[in-house]
Amino acid sequence: MKQYPFISLKEVNERYESELVAAAERVIRSGRYLHGEEVVGFESELAAYCGVGNVVSCSNGLDALRLIFKSYVSLGIMRAGDEVIVPANTFIASVLAISDAGLVPVIAEPSPTTHNLDLDLLERYITPRTRAVLVVHLYGSPCWSEHLVETAHRCGLKIVEDNAQAIGAYVDCGGVRRMTGALGDAAAFSFYPTKNLGALGDAGAVATGDNVLAERVRTLANYGSDVRYHNPYCGYNCRMDELQAAMLRVKLRHLDEITDARRRRAKVYERVINNSLVRKPLALAGAVWHQYVVAVDNRQTFRDYLSQRGVGTDIHYPVPPHLQPCYAGLKHSQLPVAEKLANSVVSLPITESTPLGDFEEIAEIINSYK
Ligand SMILES: *Cc1c(COP(=O)(O)O)cnc(C)c1O
């Protein structure tokens, strides 16, 4: 029987194999494996791509988020016990970064239509201790509005973007396209291998137009050292290495093709899937489709049906962070929308390395589900 794997990382990367091998050779022969020109090159290429003033590369997406919040604390802009609003349906790393910096995650309901933070409910979660909103562009779908910007401005809140799933996504701001990752005060990127721009290992980055924040992030990521053997802060080692930077430079040059291919695949689903038992996602023009997520009531039956026909699926995410044992002590309001989503979402294959024609077939299989 024909197989439609959920994702094959081998196929994702083999299309660039000769370029990746050449880049790896360049690094191996350079004798420089950290603090070198690949990292510098990648940072300036990503900054240009997103249209943002500073990019600081780092070890992974969680560390990118941690560095942002720890830098705000280090700069005295946030203090232990201050609150950060974060959506309930996100990967747990978004929440971990907040609590790790001594800040309090305030878990907020998503919108049942966008699956992103329900920006219309924002005021409900704001208290005198709120310092920031962490918007997550979940599944590659931008989470942004005039109301968010206006509210943040009025209440003195930072807007931090978790852009781990949305590199290349954009929003239309009065006729001008602006990239996610360059919309808020600071943004975190992840280059985990399954992400749309995936490294061959762990990697991440912080983007910000704020030069002071960028400098503190860079310092904290390098032991808290500004000049060699001078440490004004207690820092960490969260650097990206030259090999990953070289891999990412190759793939960044192909990112627009990757995004186009994913958008074409999502369009096939959008056009062909026509089954009242399967609720399709809202299709925003600027989305980059890190995941294509449908909602179904009898999820296990649906997944078993697809699996028996060779279609791999996944769930993003089955257990929201506020229901994880590690956050058993975390206070939160009722989150019925998030919990319903967690019980009904199913991610379909969407990777650019799967042939476009396969998506019609997957959609037809879905249409035959009863
Ligand atoms: C992948 C991801 C992260 C974490 O990135 P890592 O590189 O795996 O640490 C954070 N937030 C979201 C929304 C993610 O999808």
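A residue is called buried when its relative accessible area is under 20%, exposed when that area is over 50%, and partly exposed in between, as judged with a 1.4 Å probe and the protein chains only. At 41% relative accessibility, Tyr-223 therefore counts as partly exposed; Tyr-223 is found in the loop between α7 and α8, and its phi is near 65°, a positive value in a residue other than glycine. Helices (H or I, at least four residues) and strands (E, at least two) are DSSP runs, numbered from the N terminus.

The model is predicted, and local features need pLDDT of at least 70, while side-chain atom pairs count only at pLDDT 80 or more and totals for chains, interfaces and linings use all residues. Residues are numbered from 1 along each chain as its sequence is written, and side-chain values use heavy atoms, with hydrogens and water left out.

**Ligand surroundings**

Of the 15 residues around the ligand, Gly-61, Asp-162, Gln-165, Ser-190 and Lys-195 come nearest.

| Residue | Ligand atom | Distance |
|---|---|---|
| Asp-162 | nitrogen | 2.7 Å |
| Gln-165 | oxygen | 2.8 Å |
| Ser-190 | oxygen | 2.7 Å |

The protein covers 92% of the 380 Å² of accessible area that the ligand has on its own, areas here coming from the Shrake-Rupley method with a 1.4 Å probe. The elements that give two or more residues to the shell around the ligand are α4 (61-74) and α5 (92-100).

**Nonpolar cores**

A nonpolar core is a set of buried Ala, Val, Leu, Ile, Met, Phe, Trp, Tyr and Cys residues joined through side-chain atoms within 4.5 Å. In soluble globular proteins, nonpolar side chains tend to be buried together. In the largest such core, which has 34 residues, Phe-69 and Leu-134 touch the most other members. Two or more residues come to this core from each of β1 (54-58), α4, β2 (83-87), α5, β4 (130-136), β8 (186-190) and α7 (211-220), and α4 gives the most, with six residues. Leaving aside neighbours within four places in sequence, Leu-134 is in contact (heavy atoms within 4.5 Å) with residues including Leu-65, Phe-69, Ile-98 and Asp-162. Apart from this core lies another, of 32 residues, among them Val-27, Cys-50, Ala-245 and Ile-258.

**Residues in loops**

His-254 has its place in the loop between α8 (242-252) and α9 (255-272) and, at 13% relative accessibility, counts as buried. A polar contact is a pair of N or O atoms within 3.5 Å, of which, within protein, one must be able to donate a hydrogen and the other to accept it, and residues adjacent in sequence count only if both atoms are side-chain atoms. The side chain of His-254 makes such contacts with the side chain of Glu-19 (2.9 Å) and with that of Glu-257 (3.0 Å).

Ser-333 lies in the loop between α10 (299-308) and α11 (336-344) and is partly exposed, with a relative accessible area of 36%. Not counting residues up to four places away in sequence, Ser-333 touches Ile-107 and Tyr-125. Tyr-317 also lies in the loop between α10 and α11, and the peptide bond from His-316 to Tyr-317 is cis, with omega near 10°.

Conventions
A residue is near a molecule or strand if one of its heavy atoms lies within 4 Å of it.
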